[in-house]
Amino acid sequence: MGDDPLTRTYDAIVVGSGATGGWAAKRLSEAGLNVAVLEAGRDVSPKEFTEHKPAFQLKYRDLPGAGAWRKTRPVQTQCYACTEYNYDWFVDDRENPYSTPADKPFSWLRLRIVGGRTLCWGRQSYRLSDLDFKAASHDGYGQDWPISYQELAPFYDIVEEYVGISGAAEGNPALPDGHFLPPMKMTCGEVHFRESMAKNFGRTVTIGRSAIITQVHNGRAACHYCGTCERGCVSYSYFSSPFTTVKDALDTGKCTLLSNAIVASVDMDPKTNRASGVTFIDAASRQTKSIRGKSVILCAQALESTRILLNSSTGRHTEGLGNSSGLLGRGLMDHSTGAGASGELPQFQDAPEPYSGPHRANGIYVVRYRNTSASTRQPNFIRGYGFQGSAGAVFNEGAEGFGAAYKKAVKQGIYRISIGAFGESLARDDNFVAIDPKLKDAWGIPALHISMTHGENEKALQEDAAETAAEMLEAAGARNIDIRSSVGTPGMAIHELGTARMGDNPSTSVTDAYCQLHDVENVFAMDGACFVSSGCQNPTLTMMAITVRACDRLIDRFRKHEI
Amino acid sequence: MNRRELLRNSLLAFGAAASVSIPAEALVFASGDDASRELARPDWKPLFLTAQQNATLLSLSETIIPATDTPGAKDALVNRFLDLVLSVLAPETQHEFLDSLTWFETGAMARYKASFVNLSDGEKHDFLNLVAWPQTHDRWEEVDAGPEGHEHFERMKRWIATAYYSSPVGLKELGWDGWPARGIFKGCEHQPDEHADAK
C-alpha cells in the first residue's frame, strides 16, 4: 500500500469522515472492499482535547466578542459549541461562504476536520417511528419514506450496539426503544417532573438517550462526567468517528484516509453513465486532483453532498447530477426550535454540585404527544415536537445584591428546570439550496445559495409547544416561569436534512430507498440529504442506520458483481 | 440559562458585526498554556483603562465581591482580566462599560463629594445599597438616578461576577479542586414516592 493513493481504483470513494462517512468506511472495508475516505479538513489529535482545561487558562475565558478568531467565524460563533477552546474545528467562514436571500437568514454551522461534527455533536440519539416514516399517510402532507420502521430496525440495532447509547426503555410507540446501555441518573427534580407529567398528562419524560457510554463498551471507558463533551474526550466515552468507525476502517488495512481533500465534483464516464471517481482540491497544495473509484458515496453533510452533486453537471446531466426530477436541492429541513419554558422548583433545596463534582452532559427528553393518534390530533398544525431539558441546582450568579450575602447566595444556588422544543420541519420544495452563480469558496468551488424559512406549521407548532411547556412546568409546581415562544433561525437546530430525498418514484425523488441516485447507479447520498421528512427527533442515529443499510446493499451488489 | 450564556447571547452581535483583517493567531492550542499567569505579572499595566478607572473598578469590584473567608475580586485580579477583555471588545461595549463605571465615579462625587475609591467601606455600602435592589431605585433622588443607577449596577456586577467566577480564585469558590476526573453522577437516590409531597 506504499504507492500513490491516487494511482489506484477503489471499490468505493467515501466523501466525508463524520457520523455517516465513518460508518460507510467501516462497513465497506470490513466487508473486504477497498475504500478511500476523502475528508475536506485536517487530521485531529486527542492532544487538542481541552475538556478539562479551566476557563481562566484561556486568554479571554471564552467571553463573547473577545478574541480575534471570532472575526474568522461570525456564523460559527452562533453555535453554542464553538468556543475559544475548539474554534479551529469549525470552518473559517471567510473561506467557506454561502449566500441567502436578505430576508431569509440561515445559520450553517459546520466542521471540516476528520470526524466532522461527531467531535462536538449533541449526542442525543433517538429512533424514528412509523409516525415519521409514514407521516404522509397519517396526515396527507408530503411523501412517505420508501422504508418502514421494521425495515430500518435491524440497522438501528447494529448502530446502537456498536456506538453505545445509554438510555431507558419506555414502551412509547412514538419513540421506539432500542438497545440501551444503563441510563444516566435523573436529578430529584427530574424524577419529580417525570412522575408529575405521567400523572397529570399521561406524557412520557425519559432520561436523554445519549451516545455517551455508561460502562466499558467496545474497548472505550465509561463516562467520567466532566460535562464538556464538545471539547473532546480523553476516554473516548462519547461516540466520535475518528476514534471508532474511522479507526476500525483504517485497522482493516483496506481503507485509505485522505485529509485536506476538498471534493468539488463527481467525475462521470459519459459512455457508461457511471461515476468514475471524484475531483478534489488538495487544500495544502491547492492543486486539483482526481481519484478513481467504482462507486462514490457522499457523506459530506446534507447540504455539502447536494452541493457536490449540483456542481457535477455533465453531458446529459445538465442541472447537476441526479437531478432529472428537478428536486435535487429541494425539501431542505431543519428542526424548528425556540419554544420552551424555564422556572424554579423551590421545593428542592439541594446545593449545586461543586465545580469539580460530577456533571452529566445529558438531560431529560419529553416524548412527542401531539398528533400521535386520533385523540391527540391538533386542529391547527400537523406533526409534533419533543422537548429536551433538565432540572437541577445551579450556581446562582444572578442572585440579587452584593457583598458577602451575594457570594453566599451564588454558592447556595438555585434549583431550576428548563425545557426547549425541537419541532418537525415540513419538507417544502420552496425551501432549497442551489448553486450561487457568482459566489465561490476559497478553493474556487461554486458556493451554495440557501433559501429557507420556517412556515406557518412550524410557527403554530412552536406556539403550542410554548403553551404546553408552561402548563407542564406549572403542574410540576415551578415558580417564576419564563415562557419562550419565538421561532429560531433555520439552521440553528444543526439538523439539516433533505435536498436529495429518497423514494421509489424517480420523478418525485432523487435517490432510491438505498440512497442510490435514480439517475446514476453507482453514486449514493448516504447522509441527512436523503431524508424525506424530519420527524422531531435528533437525526444522527437514523442517518447512521440508513448508511449501514445502504452499505450492506452495496456490498451485496459488489458480491454479485453488479458494480 | 446561566449568566455566561446570557452574556454570550446579548453580546453575540458584536462578534458578528466586526469585520477586518485576518489575525495571525496560533491555530492549535498548547494545552498546557495558562493565560491567567500573564495577569499576575508584577509589572502588569492596564491596556485599556486609565489609572483612575482601574482604581475605581478595583474598589467597586471588591465591594461587590469582597474577601470573606474566601478571597474576593481584588485577589481574583478581576480588574486586570476585565481590562484585557475590554481592550479587544467592540467600541460600543467599551463605551457601555465606561459609562457605567463613570456613573459610580460621578455619583460618588455628587453624593459624598469624594471619589469612589476614597469612600469609606460604610459609604460604599450605603451607595451601592441605593442602586443594588430593583425596588429601591424610585427612592434614589439625590443623584437623579432613577432606574438608571440600578442598570449601571447590574451591568458592572455582571462583568465583575463573570470575571470573578471564571478566575482561579472564583472557580475554587465554586468547588474547583484542580482534578479533571469528577466521579459518577449519582442523581436522585430517593425511594419511589419520596417526592410525592413535592406537588
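## A helix pair in chain B

In this predicted model, helix α4 of chain B (residues 78-86) packs with α3(B) at an angle of about 130 degrees, and the two axes are 9 Å apart. That angle makes α3(B) oblique to α4(B). The crossing of α3(B) and α4(B) is right-handed.

Which residues of the two helices meet? From α3(B) they are Asn54(B), Leu57(B), Leu58(B) and Ser61(B), and from α4(B) they are Val78(B), Asn79(B), Leu82(B) and Asp83(B). By class, the residues of this contact of α3(B) with α4(B) are four nonpolar, three polar and one charged.

## The contact of chains A and B

Chain A puts 56 residues into the contact and chain B puts in 62 residues. On the side of chain B that touches chain A, at least two residues come from each of α1 (3-17), α3 (51-64), α7 (147-165) and α8 (168-173) of chain B. The helix that gives the most to this side is α1(B), with eight residues. The side of chain B that touches chain A is made up of 35 nonpolar, 16 polar and 11 charged residues.

## A sheet in chain A

Strands of a sheet pair through backbone hydrogen bonds, in either a parallel or an antiparallel way. In chain A, four strands form an open sheet with mixed pairing, in the order β1-β10-β9-β8. Strands β1 (9-10) and β8 (261-269) of chain A are at the edges and have a single partner strand each, so one side of each has no neighbour in the sheet.

The pairing of β8(A) with β9 of chain A (residues 274-282) is antiparallel and runs over eight bridges. Within this pairing, Val263(A) has Phe280(A) in β9(A) as its bridge partner.

Most residues other than glycine have a negative phi. Asp62(A) is not a glycine, yet its phi is positive. The phi of Asn260(A), also not a glycine, is positive as well.

| Residue | Phi | Loop in chain A |
|---|---|---|
| Asp62(A) | about 60 degrees | between β3 (35-38) and α2 (130-133) |
| Asn260(A) | about 55 degrees | between β7 (255-258) and β8 |

Are these residues buried, exposed or partly exposed? Asp62(A) counts as partly exposed because it has 18 C-beta neighbours inside 10 Å. Asn260(A) is partly exposed, with 18 other C-beta atoms within 10 Å. A residue would count as buried at 20 or more such atoms and as exposed at 12 or fewer.

How values were computed
Residues numbered from 1 in each chain as written. Chains lettered and ligands numbered in written order. Predicted model: local features only at pLDDT ≥ 70, side-chain atom pairs only at ≥ 80, totals over all residues. Pairing = 2+ DSSP bridges. Contact = placed C-beta atoms within 7 Å. Nonpolar A, V, L, I, M, F, W, Y, C, P; charged D, E, K, R; others polar. Axes fitted to C-alpha atoms, helices over the stretch in contact; angles between N-to-C directions. Parallel < 35°, antiparallel > 145°, perpendicular 65-115°, else oblique. Left-handed = near helix turned anticlockwise from the far one by under 90°.
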